[in-house]
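I opened this model to see how its chain is put together. My notes follow in the order in which I looked things up.

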Amino acid sequence: MLMNLVLGEATPSTTLGTIIVVTGAFLILMLLIKKFAWGAITDVLKQREDKIANDLDSAEQSRIAAAKMEKQRQEKLLASKSEAAEIIKNAKESGDENRKKTLAETTEEVSRLKEKATADISQEHDKAIAAIKDDVAALSVQIAEKILTKELTPEAHEALINSYIDGLGKVDEIR
């Protein structure tokens, strides 16, 4: 049985026939591919080309957007720095103004207290002088009573004391 089965025998006359058969099969295969598969293959290749182009465009747009966002971030950072510097400047100015205001108020308060103290001292001086006058008057009256052995009226006594004190003031002015 094996002998009846011949796989293929190559002879020089069949080479031309084989070329014709293979070429015909190839052409038929190409026509079938063109009719049934070529459109699908070109569609797949076109879709891949479009996807790659879209990915490249998307990547370029993303790069541009990232650059724009970076620029905006830098601008915001600079704006924040300038705003912080402005806030610090305003705080310093406000502090200086408050310091000057407090210093002026304190100076005014010290001046007012000094004037009040001067007025108080003057008033106390006047009270002390009046008290001394009263004491001198009382002593003068007592001395005068003892010397004259008579009692003076309060009006005469006051006139005598005032003339005596006025005389003391004139004596102090001469010296």
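Entry 1, burial. A residue counts as buried when its relative accessible area is under 20%, as exposed when that area is over 50%, and as partly exposed in between. The model I am reading is predicted. I looked up the buried share and found that 3% of the 175 residues in the chain are buried. I also looked up the accessible surface of the chain, which comes to about 15800 Å². Carbon and sulfur atoms account for 63% of that surface.

Helix H1 covers residues 14-148, and helix H2 covers residues 154-174.

I picked His-157, which lies in helix H2. Is His-157 buried or exposed? Its relative accessibility is 12%, so I wrote it down as buried, the cut-off for buried being under 20%. I then looked up how His-157 is placed relative to Ala-138. The two are 19 residues apart in sequence, and their C-alpha atoms are 8.7 Å apart in space.

I next looked at the surface, where Phe-26, Leu-27 and Met-30 form a nonpolar patch. Together these three residues have about 310 Å² of accessible area. Met-30 lies in helix H1. Its relative accessible area is 40%, so I noted Met-30 as partly exposed.

I looked up the salt bridges and got a count of seven. A salt bridge here needs a side-chain nitrogen of Lys or Arg within 4 Å of a carboxyl oxygen of Asp or Glu.

In one of them, the side chains of Asp-55 and Lys-51 meet, with 3.1 Å from N to O. Both residues lie in helix H1, four residues apart, which is about one turn of the helix. Asp-55 has a relative accessibility of 41% and so counts as partly exposed. Lys-51, at 52%, counts as exposed, because the cut-off for exposed is over 50%.

Another joins Arg-73 and Glu-70, with the closest N and O atoms 2.7 Å apart. Why are Arg-73 and Glu-70 separated by about one helical turn? They are three residues apart in helix H1, and therefore about one turn lies between them. Arg-73 is partly exposed at 44% relative accessible area, and Glu-70 is partly exposed at 36%.

The last one I wrote out is between the side chains of Arg-112 and Glu-109, at 2.0 Å from N to O. These two also lie in helix H1, three residues apart, or about one turn. With 46% relative accessible area, Arg-112 is partly exposed. Glu-109 is partly exposed as well, with 34%.

Entry 6, rings. How many aromatic pairs does the count give? I got zero aromatic pairs. I did find a charge over a ring: the charged end of Lys-35 sits over the ring of Phe-36. The distance from that charged end to the centre of the ring is 6.0 Å.

Methods:
Residues are numbered from 1 along each chain as its sequence is written. This is a predicted model: local features need pLDDT of at least 70, side-chain atom pairs count only at pLDDT 80 or more; totals for chains, interfaces and linings use all residues. Side-chain values use heavy atoms; hydrogens and water are left out. Patches are made of residues with over 30% relative accessible area and no salt bridge: like charges are joined within 9 Å, nonpolar side chains (Val, Leu, Ile, Met, Phe, Trp, Tyr) within 5 Å. Accessible areas come from the Shrake-Rupley method with a 1.4 Å probe; for residues, only the protein chains shown count as cover. Buried means under 20% relative accessible area, exposed over 50%, partly exposed in between (1.4 Å probe, protein chains only). Rings of Phe, Tyr and Trp (its six-membered ring) pair if their centres lie within 6.5 Å; planes under 30 degrees apart count as stacked, over 60 as edge-to-face and the rest as tilted. A charge sits over a ring if NZ of Lys or CZ of Arg is within 6 Å of the ring centre and within 35 degrees of the ring normal.
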